Amino acid sequence: MPNSTRRAADPDSAPDSVRLRGVGFGYADQPAVLRDVNLILPQGSFHFLTGPSGAGKSSLLRLLTLAARPQTGRITLFGQDVTELPRAAVPALRRRMGVIFQDFRLLDHLTAFDNVALPLTLAGERPADFGADVEEMLRWVGLGGRMDALPPALSGGEKQRLAIARAVITRPRLILADEPTGSVDRAMGEKLMRLFQSLHKLGATVLIATHDEALAERVGATVLRLENGRLSQAAPATGEAA
Ligand SMILES: Nc1ncnc2c1ncn2[C@@H]1O[C@H](COP(=O)(O)OP(=O)(O)OP(=O)(O)O)[C@@H](O)[C@H]1O
């Protein structure tokens, strides 16, 4: 991954990144999507979230980014109970996370460079300080030749890599990724996994939602499985990220 002096997460003596206690969630009049979900992600842990299509993986990530609120239970992030966090406080909390959405959510009027630079600008950093870091990150995800491109001119895989670069450029303490390798080939998928593993080694907590259980096994992180609204933990894998 890019070699940068930007701050790394501090894994020491940090509270758990995520705690869910008895979380229940559903959409309007629909049947419950999540039932009595309990989950602890210690600071610096690496987990995959698997389960069949429609099991509620994206919904669980939406709860963690406070894009949706649970009907029951409590959510604690970075040691703070955020279950009823006022809306106005959500953007500051989100800036502590790197989120990769399934639909990328790139800003189409900004170049690839400016999309990646945006979280740094919002954090108050100066372009003179981060320009080289943004370029290095873009080169690392294979977009060195596309820095001035607007997202609509990028392929699906390029958009996905851009979304990942943007999410991790601030070295967030918590990385939440929804199918982050769904649009790239296997070689690029493996490379992007190495990026997540590198960030994990620097102390970040990583949660990756994916259908691809084989990928989860290859990486060897702890695998959580959602089915029928319930969350369970698969037998521990033996790979390097666990
Ligand atoms: N905005 C919404 N309004 C109503 N129902 C929704 C909404 N979003 C998702 N759902 C429903 O909630 C359930 C869980 O969906 P979710 O997207 O969380 O599952 P998922 O495991 O991420 O699926 P996939 O792997 O296909 O992305 C599904 O039955 C889905 O149809």
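Q: Why is the crossing of α3 and α5 called right-handed?
A: A crossing has this name if the near helix is turned clockwise from the far one by less than a right angle, and left-handed if anticlockwise. The crossing of α3 and α5 is right-handed, so here the near helix is turned clockwise. This is a predicted model, in which local features need pLDDT of at least 70, side-chain atom pairs count only at pLDDT 80 or more, and totals for chains, interfaces and linings use all residues. Residues are numbered from 1 along each chain as its sequence is written.

Q: What makes α3 roughly parallel to α5?
A: Helix α3 covers residues 112–122 and helix α5 covers residues 156–168; helices are DSSP runs of H or I with at least four residues, numbered from the N terminus. Their axes come within 7 Å and cross at roughly 30°. Angles under 35 degrees count as roughly parallel, so α3 is roughly parallel to α5.

Q: Which residues of α3 meet α5?
A: Ala112, Asn115, Val116, Leu118 and Pro119 in α3 meet Leu162, Ala165 and Arg166 in α5. Contact requires C-beta atoms, placed from the backbone, within 7 Å. By class, this contact has six nonpolar residues, one polar and one charged; Asp, Glu, Lys and Arg count as charged, Ala, Val, Leu, Ile, Met, Phe, Trp, Tyr, Cys and Pro as nonpolar, and the others, Gly among them, as polar.

Q: Why is α5 called roughly parallel to α6?
A: The axes of α5 and helix α6 (residues 186–201) come within 12 Å and cross at roughly 5°. That angle makes α5 roughly parallel to α6. Gly157, Ile164 and Val168 in α5 meet Met188, Leu192, Leu195 and Leu199 in α6. This contact has six nonpolar residues, one polar and no charged.

Q: How do you know that β1 and β4 pair?
A: Two strands (E runs of at least two residues) pair if DSSP finds at least two bridges between them. Strand β1 (residues 18–25) and strand β4 (residues 72–77) have five bridges, in the antiparallel sense. Arg19, for instance, has Thr76 in β4 as its bridge partner.

Q: How many bridges join β4 to β5?
A: Two bridges join β4 to strand β5 (residues 80–81), and the strands run antiparallel. Leu77 has Gln80 in β5 as its bridge partner. β4 and β5 form a hairpin with two residues between them, and Phe78 in the turn has a positive phi of about 50°.

How values were computed
Axes fitted to C-alpha atoms, helices over the stretch in contact; angles between N-to-C directions. Parallel < 35°, antiparallel > 145°, perpendicular 65-115°, else oblique. Contact = placed C-beta atoms within 7 Å.
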